[in-house]
Amino acid sequence: MKKSGNGEALRCTENLTAIVRGEIPFDRVRGIDARIVDRPAETAAQDLEQEVIWNIETYEPRIDADSTTVEAVIDDDGSFSIDIQVSDTADDEEE
């Protein structure tokens with residue numbers, strides 16, 4: 001978690017994707033499944049994208065999950081990153 005701004009919807013989404021499933025006591029399904037790391041790259045990318053969308057749908061209602069685009073980028077050395085494009089529904093309601 002960051003030092004400040006953790007109540008913002010986009011920051012909460014960022015925090016959700018940094019949590020490993022099982023890391024939060026009494027909420028063992030929140031976060032990304034760590035077993036994804038051991039899967040083949042193509043399967044891991046699809047599973048990671050689904051995990052991110054599920055976490056956003058379940059735990060961050062301020063983000064429109066239907067318009068969320070998730071792309072898992074897996075490098076040749078096995079490291080990966082997540083590119084997430086989201087629509088903040090709280091901003092849409094204010095306009």
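**View A. The buried residues of helix H2 (41–59).** Tucked away here are Ala 44, Ala 45, Asp 47, Leu 48, Glu 51, Val 52, Asn 55 and Ile 56 of H2; buried means under 20% relative accessible area, exposed over 50% and partly exposed in between, with a 1.4 Å probe and protein chains only. Their cover includes helix H1 (9–18), E1 and strand E2 (80–85). Helices (H or I, at least four residues) and strands (E, at least two) are DSSP runs, numbered from the N terminus. This is a predicted model, in which local features need pLDDT of at least 70 and side-chain atom pairs count only at pLDDT 80 or more, while totals for chains, interfaces and linings use all residues. Residues are numbered from 1 along each chain as its sequence is written, and side-chain values use heavy atoms, with hydrogens and water left out.

**View B. The largest nonpolar core.** This one has 12 residues, among them Ala 9, Ile 32, Ile 36, Ile 63 and Val 70. A nonpolar core is a set of buried Ala, Val, Leu, Ile, Met, Phe, Trp, Tyr and Cys residues joined through side-chain atoms within 4.5 Å.

**View C. Around Ile 32.** Leaving aside residues up to four places away in sequence, Ile 32 touches Leu 16, Thr 17, Ile 19, Val 20, Arg 21, Leu 48, Glu 51, Val 52 and Asn 55 (contact means heavy atoms within 4.5 Å).

**View D. Trp 54.** At 34% relative accessibility, Trp 54 counts as partly exposed.
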